[in-house]
Structures are given as C-alpha cells and as structure tokens.
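How do the helices of this protein pack against one another, and what surrounds one of its pockets? The report below takes these topics in turn.

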Amino acid sequence: MTPAARIQAVIEILADVYTSARLAEQMLADHYRKRRYIGSKDRRAVSALTYDVIRHRARLCWHLEHAGLTPPWGRLETLAFLLLSGRESLPSLEGLCAEGSYGPGELAAAEVSVLRNLEGRELSEESQPTAVRREMPAWLLPSFERAFGADLTDELDALLLEAPLDLRCNTLKTNRAEAQVALAGEGIAAEPTDLSPLGLRLAERRAVRATRSYTNGLVEIQDEGSQLAALLCDARPGMIVADVCAGGGGKTLALAAAMEGKGRLLAADVDPRRLDRAAGRLRRAGADFVERLPLADLLQAEDLTKGCDRVLVDAPCSGSGAWRRQPDARWRLTEADLARYRAAQQEALSAAAALVRPGGRLVYVTCSLLPEENEDQVQMFLQQRPDFTAHPVAEVWASVIGQSCPVASPFLALTPARHGTDGFFVAVLDRREAA
C-alpha cells in the first residue's frame, strides 16, 4: 500500500467505528479479512494510525468544533491529526490526497481552509478543558478524580499509551524460563514481568498466535494484571473452585494451572456460547478437567451450595482499566451502561456468595478503575453479608507470590501508571467458619 492508500484505509475504518456498536479492533479485523492482499507491514501501519486518531479524538473534535464544523469527521479527523501531530504538512497532505486512485481524493477548498487554520497549532492547548486534554468523557472525570486525586494527570496520560503484550506461561506444560527460551527460538524476545511470577512481556508486538509456543499451549496471551488477579484466588490442587463469570476462559486457564489439573474447577457464564469458544483454549492448555456449564445450572447445583473453596467473580464492568487496548471503548460507555454494570456486579456477588463454603473465599475482580465498580461494591456487599470479611490482600500476596505487595490497602488496585499493567481491582473476601 502507498502512504496515501493507508490514510484512506484509516478514513474508511473510522467512518465505521463511530457508527457501529463494534469495537475498533473488530472493525480492523473485518477490514483486513475482506482485503487479504494487505501485508503485515501495512496492517501494522493502518492499525497504528487508526488507534492514534482514536486516542486523540476529544482534542481533534475540539479543534474541528472550534472551526465551526459538525460531526461526523472521519476524514477531516484523520487529516487534522496528521497535521497537528506534525507528521505531515499541509502541502504534503495535499499531495497525498491527490495521489492515485487509492488515496483519500483531492482536498476540497473548504477542507484546505480548515487545515490551513490548524497549521502551527498543537493537539493539546491550555484553553482546552481538562476532560478534553486528557481524552476523558466529562461525566466520568469526577470518578477518576476520586480514584486518583493528585495522580489524576499521570493516570489519565498512561491510559492513552499503547498497552504492552504480555504472556502467561502455562505451568501445566512448562515454566517461565523454558517458555522464554522457546519463544526466543522462534525469534520472539520476551522478558519476565516485574510482578507476576508467570509473566513474560514482549519487546514488540508479534503474531504470537502463529507460534509453536502458543499452538502447543506453552503460553497464553494475558495481561500481567489479569495474571495477578487469578493468582490471588489462591486456588490449590484438590480444591473445588468456581469461576462464575468465566467468559472466554482466560482466568479459568490460570486457575487450572494453579490447581495442577487436580480437583474440581467449574467455569460458568450467563452466555454458554462464550464457554463453547473457550473449549479449544482449554484443550490446547491441557486443562481438560475443567467443567463448563451455564451459570444458572451452577447456582442450582445443590451439592455446590456452600461447597466451594474458592469462587471467582470476574465481574462485568466498564472495562476502563483496559482502555489502553480499546481506546474507543471510553466513548461508548454511558451513564446508563455504568448503572447496568453496577447492578450486574451486585447480582453476581450475591449469587456467588451462596457457593462459598464456611472458611472459603470469594474473590471479586474487575478490570475497572472506577470506585463505583470497585470499593463501593465491596463495601455494600460486606454491609449486606456480615458473614464475609475482607482479607488483607498483602497477606494473600505474600503467600502466593512471595514478594512485597505493591499496595498497602486491603484491596489490590493496579493501574497503568503505577504498575505498568491494565487497571485491575481485586478484593479477597473470607466467609466465616460456621459457629
């Protein structure tokens, strides 16, 4: 693809992103699936530019609104980003747009006028509201201020960076050192993660799913924060463990490895189709002992009521902790969505609590940075269920991971700025022994 053709591809993709309920990563995958002639280098370039424009969307919209324009802006948004970021000048943009039949097409006089007015300006300007400069929906800013206080700017800036690619070594088949060597043998450089004893972080993004290390089940793609959340469940061989919001099975796989394939591990979800998609991952990882079942069946199983040693609630949430990976998701979240997530979290906690045996543990996890989905939910649950108490996460960390815990609070709150992981919240809740 020529540079002009790459720009046009981004313009086409963005035109769909903001009018579809599907995430940008899905739109990109569809675009490439329909155009299999696009090579890997061009795909990387198109994806990178697409995400760059999305990560600067609020600032770009601010500039275009002040130029008197109204949405949608897919084409001008892309061209304005290239100009304001300093990647292209106005003359070079005019040349690219006029280049060949696969480019964006010549600039209209009105477009030239807008871009000329943007020449010499910066993407971020002091006159922009804080929410605009930090690419944050204004209605969510108070929640982030509550969560981070004086660290707000650092945390919001970190959410705009590209996320690293982390792998978890599958201890059912290998260890971290051996997995690192196996990847190196396939030309992929990876270093041990700072916090997770099972993690490897790649030096650059690579097609991991095409490697033998992946297809043979030695490694799984999983953010370091997600690995830590699964480890803090402290699942052990011989236990009865339930993952009640298993989804695609990422944390289920980690629990299976911690249990060494011994015991009973139940993976449940409200949508059984998600579990069906996890079947191949479980087989590849050597975790065939996992039982998959609809959540309603799990909750109605009389032998499991008050019978589980560990119950993981990886709750449905805003996903705000993963906005580095899905930058367009921040613009899709609404106040109504957040209210629905909070109701679902309360329901999931209440239902899962019935499965925990006296002396067992309920582990509540979100990939959210919002207090409304994290500490607030746990405090509400503990008020409603006095038979549960919060177990200091540092104690579990010392037992399971062995190094110093990175937080001093009763709960674990990981963030991109402080810990280099996706945003994750973990609360370990003990059910009191029967009197």
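The angle between two helices is taken here between the N-to-C directions of their axes, which are lines fitted to C-alpha atoms over the stretch in contact, and it runs from 0 to 180 degrees. The model discussed is a predicted one.

**Helix 2 and helix 3**

Helix 2 (residues 24–33) packs against helix 3 (residues 40–55) at an angle of about 150°, and their axes lie 11 Å apart. Because angles over 145 degrees count as roughly antiparallel, helix 2 is roughly antiparallel to helix 3. Helix 2 passes helix 3 in a right-handed crossing. From helix 2, the residues Ala 24, Glu 25, Leu 28 and Tyr 32 take part in the contact, and they meet Arg 43, Val 46, Ser 47, Thr 50, Tyr 51 and Ile 54 of helix 3. Sorted by class, this contact of helix 2 with helix 3 has six nonpolar, two polar and two charged residues.

**Two further helix pairs**

Helix 5 (residues 74–84) and helix 6 (residues 90–97) have axes that come within 10 Å and cross at roughly 140°, and helix 5 passes helix 6 in a right-handed crossing. In this pair, Leu 79, Leu 82 and Leu 83 of helix 5 meet Leu 90, Leu 93 and Cys 97 of helix 6, and the residues of the contact divide into six nonpolar, no polar and no charged.

Helix 18 (residues 335–353) packs against helix 19 (residues 375–384) at an angle of about 40°, with the axes 11 Å apart, which means that helix 18 is oblique to helix 19. The crossing of helix 18 past helix 19 is right-handed. Arg 342, Gln 345, Gln 346, Leu 349 and Ala 353 in helix 18 meet Gln 377, Met 380 and Phe 381 in helix 19, and the residues of this contact comprise four nonpolar, three polar and one charged.

| Helix pair | Angle | Axes |
|---|---|---|
| Helix 2 and helix 3 | about 150° | 11 Å apart |
| Helix 5 and helix 6 | roughly 140° | within 10 Å |
| Helix 18 and helix 19 | about 40° | 11 Å apart |

**The second largest pocket**

The second largest pocket has a volume of about 220 Å³. Its lining is made up of Met 1, Thr 2, Ala 5, Gln 8, Ala 9, Glu 12, His 31, Arg 35, Tyr 37, Ile 38 and Tyr 102. Helix 1 (residues 3–17) gives the most to the lining of this pocket, with four residues. By class, the lining residues divide into six nonpolar, three polar and two charged.

Definitions and conventions. Residues are numbered from 1 along each chain as its sequence is written. This is a predicted model: local features need pLDDT of at least 70, side-chain atom pairs count only at pLDDT 80 or more; totals for chains, interfaces and linings use all residues. Side-chain values use heavy atoms; hydrogens and water are left out. Helices (H or I, at least four residues) and strands (E, at least two) are DSSP runs, numbered from the N terminus. Angles under 35 degrees count as roughly parallel, over 145 as roughly antiparallel, 65 to 115 as roughly perpendicular and the rest as oblique. A crossing is left-handed if the near helix is turned anticlockwise from the far one by less than a right angle, and right-handed if clockwise. Contact means heavy atoms within 4.5 Å. Ala, Val, Leu, Ile, Met, Phe, Trp, Tyr, Cys and Pro count as nonpolar, Asp, Glu, Lys and Arg as charged, and the others, Gly among them, as polar. On a 1 Å grid over the protein atoms alone, a cavity is a set of points where a 1.4 Å probe fits but cannot get out, and a pocket is an open set with protein on both sides within 12 Å along at least five of seven lines; lining residues have an atom within 4 Å of a point. Grid points are joined across faces, edges and corners, and a volume is the space filled by probe spheres set on the points.
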